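Dear colleague,

Please find below the structure that I am handing over to you. My notes on what was found in it follow directly after.

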Amino acid sequence: MTGTSPIGMAVPAPRPGSADRIRAFASRYAILLFLAAVVVAGGLAAPGFLSGSNLTNMLMQFVPLGIVVIGQTFVILVRGLDLSVASVMATAAVAATAFGGVNADAPAVFATAIGIGAAVGLVNGLLVTKRNVSPFLATLATMIVLQGIRFAWTQGAPSGNVPPIFRTIGAGTFNGIPYNVLFLLVVAAAGAAALHLSGFGRRLYITGGNPLTAHLVGIRAARVTLAAYVVSGVLAAIAGLVLAGFVGVVDNFVGRGFELDSIVAAVVGGVALSGGKGTIAGALTGAAILVAISNLVVMLGLPVQAQIILKGIVIIVAASFYVARRR
Amino acid sequence: MQTRTLRLPRFLAGGRAALLVVVALLILLFVLGASVSDRFATTGNMLNVYEQSAGLALVSLGQTLTILTGGIDLSVGSVISLLSMLTSGLIAGDEAMVIPVVAGVLVLGALIGAANGVTIVATGVHPLIVTLGTGAIVQGVALLYGLGPVGSVPISFDAFAYGTFPGGISIGATVALALFLLVSFFLNNTRTGRRIYAIGDDPHAADLMGLPRRRILVGVYAASGFFAALTAVYLVSRFNVGQPYTGANYTLASITPVVVGGTMLAGGRGGVIGTLLGVYLVSLLNNTLNFLDISSHYQLVVQGLVIILAVSVYVEKQRGLA
Amino acid sequence: MLSLQGISKGFPGVKALTDVSLDVAAGEIHALVGENGAGKSTLTRVIAGVFQPDAGTVRFDGRETVWKGPGDAKRHGVHVIYQEFVLFPHLSVAENIFVGHERRNRLGLIDHGRTRRDAKELLARFGIDIDPEALVRDLSVADQQMVEIAKALVHDVKLLILDEPTAVISGREVDVLFDRLRRLKQQGVAIVYISHRLEEIFALCDRVSVLKDGNHVATRTIDEVTRDQLIALMVGRNLAELFPVRRSAKAPGPVVVAARNVEVSGRVRGASIELRAGEITGLAGMVGAGRSELALAMFGAIPMRSGSLVVDGREVSGLSPRRAIDLGIGLVTEDRKGQGLAMLLDVAANVSASTLNEFGRGWRFDRAREKRVAEQEIASYRIACRGPSTPVSVMSGGNQQKVLVARWARTSTRLLILDEPTRGVDVGAKTEIYRIMHELADRGVAVLMISSELPEIVGMSERVVVMREGVVTGELSKSEISEEAVVELATRRLAG
Amino acid sequence: GPYEGAPRTFLFNPAQEICFKDTAEYKKDGPYVIGFSNAGLGDSWRVVMQHSLMKAAADHKDKIGQLIVTDAGHDDAKQVADIQDLMSRQVDLLIVSANTEQALDPAITRATERGIPVVMVDRRIASDNFVTFVTASDTMMGRLFAQWIVEKLDGQGNVIMLAGQAGSSPSEIRSRAAMQVFQQHPGIKILDTVYSDWSPVKGKQVMQAAIAKYGRDINAVWSAHGLQTPGSIEAFIEAGWKDGEIPPHTTSDVNGPLQMALQHKVPMLEVGYPPAMGGTAVEVALKVLEGAPVPCIYEINSQIATTDGDETASIRRDLPISEVVVPEGPADMLVTGGMGPDYNPTTFSVDYPR
Ligand SMILES: Nc1ncnc2c1ncn2[C@@H]1O[C@H](COP(=O)(O)OP(=O)(O)OP(=O)(O)O)[C@@H](O)[C@H]1O
Ligand SMILES: Nc1ncnc2c1ncn2[C@@H]1O[C@H](COP(=O)(O)OP(=O)(O)OP(=O)(O)O)[C@@H](O)[C@H]1O
Ligand SMILES: [Mg+2]
Ligand SMILES: [Mg+2]
């Protein structure tokens with residue numbers, strides 16, 4: 001992904017020549033090493049794991065999670081949390097079927113979905129910044145409300161067709177490379193540029209690192225925070241569309257579990273829940289690890305229980321690694 | 001300079017505004033329900049609401065403790081599921097097994113909770129992440145134990161959930177109520193209780209003061225696990241059987257009454273009495289919505305809005321520059 | 001009572017203490033001085049069992065001891081008042097005082113009545129009027145510090161360590177504290193006293209030990225050293241003059257910024273102040289006088305209930321930090337870590353924080369230029385760090401303060417407000433900050449320095465404004481400035 | 001043409017005595033207050049089932065004074081509370097679609113003991129403490145699917161079981177019934193049981209993994225319902241299976257898989273599990289309240305459909321899939337809903353007595 005280093009990673013610069021240097025290097029890239037280890041071990045243990053078609057599968061599953069994780073990273077960076085992403089995804093997917101199901105509808109579908117995502121992000125952001133509601137609760141509540149609205153809209157089960165172009169985006173491949181990977185690359189590049197190269201990103205890190213400082217240096221912290229929630233909402237909506245195109249049939253399961261998975265992926269990738277610390281690249285690596293592990297479990301023929309248990313172990317081990325590093 | 005605010009009795013201290021909001025909402029719902037149906041405001045229906053509060057009450061009681069320390073326990077759902085399966089699976093319809101199995105399950109719940117606490121203390125990872133992880137592990141174990149309902153319990157076992165004292169007062173809900181009062185007393189009048197508030201208020205200061213923060217945390221998560229186990233036993237009593245997803249909904253559901261009842265997610269402020277009122281609010285809300293004939297879709301909307309309403313009314317001004 | 005032998009303690013990348021040996025006798029007040037980052041607080045923590053030393057032994061009460069943790073040390077009679085507050089904001093004053101030693105009845109339950117009574121009695125002994133049932137977060141910072149002090153004195157103390165206890169209190173409260181400490185000394189308690197205020201050291205202590213870069217440099221009885229010698233020991237060079245003389249002291253220019261009748265909820269009640277180009281104005285007063293709030297309000301960081309800010313003769317509307325920055329105003333706040341710095345970020349990011357637009361609007365952000373700017377500031381303010389990408393969290397307090405000053409000097413074309421700019425800053429860094437203030441004034445910037453240290457007010461100010469209880473009680477011109485005059489105004493009874 | 005006779009599960013039932021319930025004790029005068037406690041909505045099948053129930057209530061306004069509908073959101077505890085609340089509202093009869101078989105048993109048993117007649121629909125409770133159960137058989141579906149696969153493969157081959165949700169009773173019952181059949185045929189190997197959570201999205205993901213693992217060794221896919229079947233077929237297409245190569249699939253109710261079967265020449269067996277049973281439940285409820293005897297299990301018909309040439313020795317179809325499918329209809333519409341041609345679940349509204 002991007003090689004940009006985040007600003008202010010609190011890693012003391014190693015003294016030249018010391019073993020610290022190796023350790024610092026190892027700890028900075030450990031998450032990538034971990035992913036590499038999973039991939040290599042997977043390749044050895046399950047022959048089909050590294051086959052072209054399986055890699056394509058994994059990529060295709062990685063993309064929607066990756067898109068959501070990017071948005072989640074924005075929110076966590078400002079000391080937030082977005083539990084409403086899954087609900088937004090499903091609602092955006094419903095929007096994809098709300099029109100005639102032909103390609104000409106695509107712009108309208110896009111506009112509607114992104115409008116929904118932005119609106120939810122706005123509500124989340126306003127609750128957090130204006131009413132001081134804790135992000136956990138604010139987004140939990142919008143998640144529930146949005147689900148109700150969606151159910152009322154669809155009477156309980158979405159129905160209708162997704163425009164074919166979304167099928168292409170969601171499930172098409174070109175020489176084994178899924179089209180949706182392009183989508184992710186664009187989103188990731190834009191996200192990384194916004195976070196690591198732009199003034200907005202700098203404002204975001206300052207706001208997350210110390211909101212009082214942000215206030216004192218004239219950063220409109222509330223607006224920055226609001227923007228982070230809107231980004232998360234919009235990206236969740238886009239991920240919802242990509243997932244809707246994955247099968248072409250929309251149901252209430254679109255996005256299920258993404259709220260916790262995206263938080264876990266970000267944390268596994270080194271984004272600190274205490275705010276102000278983490279990168280897009282790290283978060284995406286975290287997401288890749290989750291996808292690789294769940295795929296590997298299936299490839300190894302392990303029971304579904306093993307997948308759940310393994311995920312739990314990975315969460316704790318990876319997260320404790322970052323804490324150990326911070327000490 | 002000190003403003004003399006009205007002092008509530010000690011057990012109500014903390015999140016005063018919250019309690020007033022919850023009580024106001026309770027009254028509002030009651031009036032609303034009574035105005036649409038003359039069957040609503042009957043003793044029978046109110047006892048019914050009371051009875052329905054028990055499960056949520058038990059699990060929220062433990063959750064209040066973890067949140068008071070500034071943490072959270074997202075493993076309760078899985079723990080309830082696993083332990084409900086163990087309860088019915090091991091009792092397997094045998095009257096003689098009831099007492100040993102229930103005792104064992106309660107101990108096991110406390111042990112799982114303690115393991116959460118130890119992991120949190122030993123790794124320093126945020127409890128949200130740790131318990132998410134252990135929750136996944138426990139869920140996996142539950143599915144290993146069985147993919148569907150396991151075992152059964154003797155008919156008499158349902159007394160906990162459905163049994164009543166004379167006058168139709170639910171046994172389960174009354175047990176929960178008694179436990180709330182007990183824990184409230186504990187929090188306000190024992191050393192450990194007060195220290196739970198202290199470590200939630202400022203963990204760093206607690207360390208420098210030499211408070212046994214780690215031990216208390218382990219104890220608090222053990223308590224959360226214990227109450228999850230008790231919830232599991234209650235649900236087996238209510239459902240006659242344990243199932244692999246029985247507890248799933250309780251993970252997030254257990255948090256709502258806590259925060260609606262005025263306990264701050266940041267820790268150090270609040271109390272279990274607020275949670276109890278929060279539980280009654282949720283219970284009454286469900287009942288009222290069923291009486292109002294509102295389509296189930298809008299019920300979700302209403303629930304979400306109630307959370308937002310209750311919580312955003314009494315959020316604290318963030319301590320800032322002045 | 002306490003004997004340290006060869007104590008060393010390192011953190012990743014930093015050697016905080018090297019081979020420190022030190023004795024503190026019962027009935028002695030032993031001062032510990034040294035520059036920021038010299039290792040005083042770290043030593044405190046080793047003694048208190050917060051950190052285990054990497055090497056060396058701690059002998060306490062004649063026995064070699066390895067504390068299992070702060071609680072263990074406490075049980076043996078070691079009490080510490082830490083540099084930062086160790087208080088539980090949402091517990092009551094009484095509960096804070098007895099936390100860890102809760103008052104209990106025969107059943108082992110908390111005795112709320114006795115807790116309240118005992119706390120009341122204890123506070124009364126300090127002559128401090130605090131409601132024991134108030135929540136600590138509702139107290140002023142000075143009162144919080146008094147609670148901290150009271151807390152340390154409830155038990156049988158054998159060794160009491162105070163790490164900069166007077167940083168946020170002044171006047172009468174300091175007197176009360178010193179009086180207490182002298183009495184404890186008579187009772188045979190060993191006391192370690194850490195402060196950057198040398199006059200306190202001379203007034204209170206028996207012996208003084210100097211730490212420099214983690215090394216124990218010297219221990220002297222207080223009669224053997226002069227102030228200048230002590231400074232020389234601490235900084236390793238002679239500081240002939242702590243307060244540099246401003247060479248080009250021209251007549252002050254016109255009023256550039258004025259605050260008129262500022263009210264801030266409860267704390268500032270109709271204060272006015274005028275600041276002139278090129279002039280250093282001191283804002284003095286007892287802690288809690290409302291100076292910080294006045295400064296924050298002038299900067300737009302907290303809302304004014306009424307009143308106005310006038311810049312170049314024009315009233316500013318819609319005041320906010322952003323607007324203040326645009327007007328050329330800077331504010332170095334008193335709470336470095338809590339308010340000033342983004343601790344997770346590096347020096348460059350902290351220096352540029354208030355002038356982000358300078359590095360590109362919209363999407364682009366010119367990191368290369370930011371880095372160059374940071375390098376310049378590091379050089380011109382002599383900030384000790386490994387470069388622009390050093391995280392501020394690993395830097396010493398004095399250097400962190402310089403980063404803050406560097407940031408705000410960049411925006412201050414009209415006015416720079418510095419709130420306690422040298423609090424917790426060592427003498428070396430102090431002089432540097434004074435030099436920077438002079439430079440800015442020379443450039444025609446109005447400088448407003450809030451300080452609770454009288455020597456600093458007297459030594460640096462060209463005009464002094466004094467506040468008490470939210471009201472300006474007087475103004476002293478250059479020739480009128482003296483410690484006595486300032487104290488007189490700061491404690492003057494308010495009419496009505 | 002479609003089979004319109006009496007339910008085959010009834011006709012072929014080998015038991016000499018078929019259980020009937022006398023409902024005289026429940027006889028009372030209308031208008032009735034009927035409570036319907038639904039386990040939850042969330043997929044199109046359940047929505048259509050609820051709509052068919054509301055429609056039937058609307059058709060019987062003369063007898064039904066009020067129909068109160070509650071929705072437990074697939075939460076046992078909420079459903080128990082819903083049932084109690086309905087009893088608190090003093091309904092004359094309860095129609096319940098139980099979220100899980102066992103957990104709702106005590107609550108419904110209590111209702112029955114209190115003299116409230118309970119009609120179960122779609123999902124029953126474990127005990128027999130209700131008046132009657134309106135259903136199409138899960139066991140029959142599971143067995144038919146399995147038997148068809150056995151015969152399609154001539155008793156030799158590898159099968160992936162694409163189940164619903166781990167632990168949910170319809171999925172587990174159908175799987176168990178299927179396994180009874182498969183176990184009788186040593187040549188049949190179950191490669192894996194994977195869980196779709198009744199979702200095409202999840203179904204596609206797990207099938208992609210299974211395909212990556214077993215490739216062309218997969219000879220058939222036993223799918224517990226039609227909701228997830230499209231995901232599986234998609235996974236095969238994307239993995240490079242040409243039309244006509246995709247292994248046989250089973251399905252139920254949903255239009256999408258039928259469209260795909262025809263388009264991609266997938267051998268397919270469809271056994272309906274008609275959501276119209278919601279309406280039937282109302283009819284049966286009225287019979288109970290009128291005191292007429294009803295069978296203990298009220299089975300309704302499942303249509304059997306296959307793709308052309310894919311009938312086997314045991315499985316004969318009522319209709320070809322080409323006649324069941326709605327070619328231009330949405331992929332997720334239910335072809336067995338019985339709600340008429342203009343029905344659209346999203347816009348459906350009916351004036352039932354509230
Ligand atoms: N927990 C820690 N982790 C890493 N480094 C630390 C830690 N605590 C202190 N240090 C470093 O150890 C050195 C000594 O710090 P210490 O706080 O003891 O100094 P001090 O003399 O108390 O300074 P001040 O006068 O500013 O309070 C400094 O370089 C500081 O950055
Ligand atoms: N309860 C509190 N919690 C957090 N910060 C506080 C609290 N009370 C005061 N402060 C801040 O601490 C600083 C000093 O406190 P204090 O109120 O005693 O003095 P002040 O009014 O700022 O006056 P001065 O600057 O003249 O000492 C101020 O910045 C104030 O905003
Ligand atoms: Mg210090
Ligand atoms: Mg101040």
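In which sense do strand β6 (residues 78–81) of chain C and β7(C) pair, and over how many bridges? In this predicted model, the two strands pair in the parallel sense, over 4 bridges. Within that pairing, C:V80 has C:I161 of β7(C) as its bridge partner. On β7(C) there is also a pairing with strand β8 (residues 190–194) of chain C, again in the parallel sense and over 5 bridges. There, C:L160 stands opposite C:I191 in β8(C).

Strand β7 (residues 159–163) of chain C has 5 of its 5 residues buried, so it is largely enclosed by the rest of the structure. In a regular strand, side chains alternate between the two faces of the sheet. In β7(C), C:L159, C:I161 and C:D163 point one way, while C:L160 and C:L162 point the other way, and all are buried.

A further sheet in chain C is open and contains 4 strands in the order β12-β11-β14-β15, with antiparallel pairing. Its edges are β12 (268–276) and β15 (314–315) of chain C; each has a single partner strand, so one side of each is left without a neighbour in the sheet. Inside this sheet, strand β11 (residues 255–264) of chain C and strand β14 (residues 306–311) of chain C run antiparallel and are joined by 5 bridges. One of the residues involved is C:V257, whose bridge partner in β14(C) is C:V311.

Chain C also contributes to a metal site. The magnesium ion (ligand 4) is coordinated by C:S292 through OG and by C:E334 through OE, at 2.0 to 2.6 Å. These two residues link distant parts of the chain, 42 residues apart: C:S292 belongs to helix α9 (residues 291–298) of chain C, and C:E334 to the loop between β16 (329–332) and α11 (336–340) of chain C. C:S292 is buried, at a relative accessible area of 12%, whereas C:E334 is partly exposed, at 29%.

A search of the whole structure finds 1 disulfide over all chains. D:C19 and D:C296 form this link, with their sulfur atoms 1.7 Å apart. The angle about the S-S bond is -55°, and the link is left-handed. D:C19 lies in the loop between α1 (8–11) and β1 (20–21) of chain D, and D:C296 in the loop between β12 (294–295) and β13 (297–299) of chain D, so the pair ties together parts that are 277 residues apart in sequence. D:C19 is partly exposed, with a relative accessible area of 43%, while D:C296 counts as buried at 11%.

In chain A, helix α12 (residues 280–299) has 20 residues, and at 1.5 Å a residue these should span 28 Å; its end C-alpha atoms are 28 Å apart, which agrees. The helix α12(A) is mostly covered, with 19 of its 20 residues buried. Just after α12(A), A:G301 takes a positive phi of about 70°.

Finally, the cavities. The structure holds 9 cavities of 30 Å³ or more. The largest cavity has a volume of about 130 Å³. Its lining consists of 16 residues, of which C:A167, C:R197, C:R423, C:G424 and C:E453 lie nearest its centre.

With kind regards

Technical notes. Residues are numbered from 1 along each chain as its sequence is written. Chains are lettered from A and ligands numbered from 1 in the order in which they are written. This is a predicted model: local features need pLDDT of at least 70, side-chain atom pairs count only at pLDDT 80 or more; totals for chains, interfaces and linings use all residues. Side-chain values use heavy atoms; hydrogens and water are left out. Two strands pair if DSSP finds at least two bridges between them. A disulfide is a pair of cysteine sulfur atoms within 2.5 Å. Buried means under 20% relative accessible area, exposed over 50%, partly exposed in between (1.4 Å probe, protein chains only). Donors are N, O and S atoms within 2.8 Å of the metal (3.2 Å for Na, K and Ca); water is not among the atoms, so sites may look incomplete. The expected span of a helix is 1.5 Å times one less than its number of residues. On a 1 Å grid over the protein atoms alone, a cavity is a set of points where a 1.4 Å probe fits but cannot get out, and a pocket is an open set with protein on both sides within 12 Å along at least five of seven lines; lining residues have an atom within 4 Å of a point. Grid points are joined across faces, edges and corners, and a volume is the space filled by probe spheres set on the points.
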